Amino acid sequence: MSQNKTNKKFVYLISPNKIKDDNFYNNLALILSSGKVSFFQLRLKKETNQNKLFIGRKIKKICKKYKVKFLINDEPLLAKKLNADGCHLGQKDMDLKKARNILKNKIIGVTCHNSINLAKSAIKAGADYLAFGAFYTSKTKMVKYRANLTILRSIKKITFLPIVAIGGIKLNNYKKLLLNKANFLAISGYIWNNKKYKPLEAIKKLK
């Protein structure tokens, strides 16, 4: 999960809440072909396990083609079944050590909200990256915790782990996060629910 200042692949793309039709897969392939995405996270809270497996297999092929890491939200067992590259854990999800037993040396990232203490616990438990947010208001998910730019600067003083910024990130605010040393930007609504730009146009605007 290395990232340096010249890295153009700073987007950590999160799926829409619902995948309705094949149009999604076509758009996903176009977006990943832009060369700006390092990670794709499948986040489907209200889908059956069977559908998650079906959708996950299709997405995995596209991610593999464009050399994008494929992660599953919340579910280490699903990540194992799909042989995904790893999973992302929220604070209410499975304990990181249990997830590590299931996924071994795969990527496991942890949501730390706006807390350096949660980050320290995740570092100690062996997380591969830390996610903070929400930095801005988001329509994708209800915002319970607000993070600010100070936390990005603070966390960089205690760890070399990659940092993912989450929450309401779009064209008019993404540069601020990169300038404050976020390694990756978790983006969803700006790509999938953009009233002004199609998904490929939206991602191309992020430079």
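**Close-ups of a predicted chain**

View 1. At 0% relative accessibility, L28 counts as buried (buried is under 20% relative accessible area, exposed over 50%, partly exposed in between, with a 1.4 Å probe and protein chains only). This is a predicted model, where local features need pLDDT of at least 70 and side-chain atom pairs count only at pLDDT 80 or more, while totals for chains, interfaces and linings use all residues. Residues are numbered from 1 along each chain as its sequence is written, and side-chain values use heavy atoms, with hydrogens and water left out. L28 sits in helix 1, which covers residues 23–32 (helices are DSSP runs of H or I, at least four residues, and strands are runs of E, at least two, numbered from the N terminus). Skip the neighbours within four places in sequence, and L28 is in contact with L13, F40, I59, I62 and W192 (contact means heavy atoms within 4.5 Å). L28 and L13 are 15 residues apart along the chain, and their C-alpha atoms are separated by 9.8 Å.

**View 2. Q41, a buried residue of strand 2.** Look for Q41 in strand 2, residues 37–42. Q41 has a relative accessibility of 3%, so it counts as buried. Leaving out neighbours within four places in sequence, the contacts of Q41 include Y12, L13, I14 and S15. L71, I72, N73 and H88 are also in contact with Q41.

View 3. A disulfide here is a pair of cysteine sulfur atoms within 2.5 Å, and the structure holds zero of them. C87 is buried, with a relative accessible area of 0%. C112 is buried too, with a relative accessible area of 0%.

**View 4. The whole chain, for context.** Zoom out and you get nine helices and eight strands. Along its principal axes, the C-alpha trace spans about 45 × 40 × 30 Å. Of the 207 residues, 50% count as buried. Among contacts between residues at least 6 apart in sequence, 57% join residues at least 24 apart. As for charge, the chain carries 45 positive and 10 negative side chains, and the centres of the two sets lie 8 Å apart. Lys and Arg count as positive, Asp and Glu as negative, with His and the chain ends not counted; each charge is placed at NZ of Lys, CZ of Arg, CG of Asp or CD of Glu.
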